[in-house]
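Visitor: I have this structure open and would like to talk through a few of its features. Could you take me through them, starting with one residue?

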Amino acid sequence: MKAFLKIALALVFSSLFFSCASSRFDSHFSPVYVTNTSKFAILSPNVSSEKIDTLQHMKAKFGEKEMEAEVYVISNTEQISMTILSEFGSTVANLFYDGVTLDLDSAIFPKSLKAEYLVADLQFCLYNPEILKSELSKIGVDFEISAESDESGNTTEKRILSKKGKPISKITKKYTRTAISSPALSEAEGTAEKSLSSIEYENTLRGYGYTLTTIE
């Protein structure tokens, strides 16, 4: 794998997911500092509201540093997992979380990186908004969600985390309307569903972000 990928991945995830001096925290896992003073406990997968089991193209950016990689993402009510692949298709990093076990196995991420931070970012993107809003309010963080559709039926959903009016992170999810054909239905009776086509995550407080685009 190119040295650039190693350096970029380290830059994206090392200083971003730092550990602050922790106080008493009632959780089996380490706290995630959404801000320097607001500690979030990662949630159980059973509150996931999005089902993903696809290969994604990831673009990540930290400051002026950028990287790209293929990532296989699974998220459902049982687990969150990510497998990052090199340009040759070999696995360079694995993340797995099922509410009981949390594991990050990687030769490219710094040892100081806590897997909880990767899980939390994905949960902010994919988990039940009402539960997220409730849990984040307990630590003084506001959570807003909105959605709008275009004439073709495609939908854009936005999620914003902030504290006392100061932005923390912004999530933009795009859904594509897909027609479903069925021999039992006439063309006029056909139905359609919406599939998640991309996720854009931008953490304005820490100065990093990434985009996941579904590979068809």
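**A buried glutamate and its partners**

Guide: Glutamate 50 is buried, with a relative accessible area of 13%, and since this is a predicted model, that value is computed from predicted coordinates.

Visitor: Where does glutamate 50 lie?

Guide: Glutamate 50 lies in the loop between strand 2 and strand 3.

Visitor: And which lysine does the glutamate 50 side chain meet in a salt bridge?

Guide: The partner is lysine 173, with an N to O distance of 2.8 Å, and both glutamate 50 and lysine 173 are buried. Lysine 173 belongs to strand 10 (residues 166-180) while glutamate 50 sits in the loop between strand 2 (39-40) and strand 3, so the pair ties together parts that are 123 residues apart in sequence.

Visitor: What does the side chain of glutamate 50 make a polar contact with?

Guide: That contact is with the side chain of tyrosine 175, at 2.6 Å.

Visitor: Which residues are linked in a network of salt bridges?

Guide: The network links Glu50, Glu157, Arg159 and Lys173.

Visitor: How many salt bridges does the count come to?

Guide: The count comes to five salt bridges. One of them joins glutamate 135 to lysine 138, whose closest N and O atoms are 3.1 Å apart.

Visitor: Is lysine 138 buried or exposed?

Guide: Lysine 138 counts as exposed, because its relative accessibility is 61% and the cut-off for that class is over 50%. Glutamate 135, at 26% relative accessibility, counts as partly exposed.

Visitor: Switching to helices, how many residues of helix 2 are buried?

Guide: Twelve of the twelve residues of helix 2 are buried, so helix 2 is largely enclosed by the rest of the structure. Among these buried residues are the charged-type side chains Glu116 and Asp121, together with others including Tyr117, Gln123, Phe124 and Cys125.

Visitor: What does helix 2 reach from its first C-alpha to its last?

Guide: Helix 2 (residues 115-126) reaches 17 Å, which is close to the 16 Å expected at 1.5 Å a residue.

Visitor: Now pockets. How much space lies in the largest pocket?

Guide: About 300 Å³ of space lies in the largest pocket, and 19 residues line this pocket, with Lys59, Ala60, Lys61, Glu66 and Gly209 lying nearest its centre. Two or more lining residues come from each of strand 3 (52-62), strand 4 (65-75), strand 11 (191-203) and strand 12 (208-214).

Visitor: How does the lining of the largest pocket divide by class?

Guide: By class, that lining has seven nonpolar, six polar and six charged residues.

Visitor: And what volume does the second largest pocket have?

Guide: The second largest pocket has a volume of about 200 Å³. Of its 15 lining residues, Thr54, Ser195, Leu196, Ser197 and Thr214 are the closest to its centre. Strand 3, strand 11 and strand 12 are the elements that give two or more residues to this lining, and strand 11 gives the most, with five.

Visitor: What is the make-up of the second largest pocket's lining by class?

Guide: The lining of the second largest pocket has four nonpolar, seven polar and four charged residues.

Methods. Residues numbered from 1 in each chain as written. Predicted model: local features only at pLDDT ≥ 70, side-chain atom pairs only at ≥ 80, totals over all residues. Heavy atoms only, no water. 1 Å grid on protein atoms, 1.4 Å probe; cavity = no way out; pocket = protein on both sides within 12 Å on 5 of 7 lines; lining within 4 Å. Points joined across faces, edges and corners; volume = space filled by probe spheres on them. Helix = DSSP H or I, 4+ residues; strand = E, 2+ residues; numbered from the N terminus. Salt bridge = Lys/Arg side-chain N within 4 Å of Asp/Glu carboxyl O. Buried < 20%, exposed > 50% of the residue type's maximum accessible area, 1.4 Å probe, protein only. Expected span 1.5 Å × (residues − 1). Polar contact = N/O pair within 3.5 Å; in protein donor to acceptor, adjacent residues only side chain to side chain.
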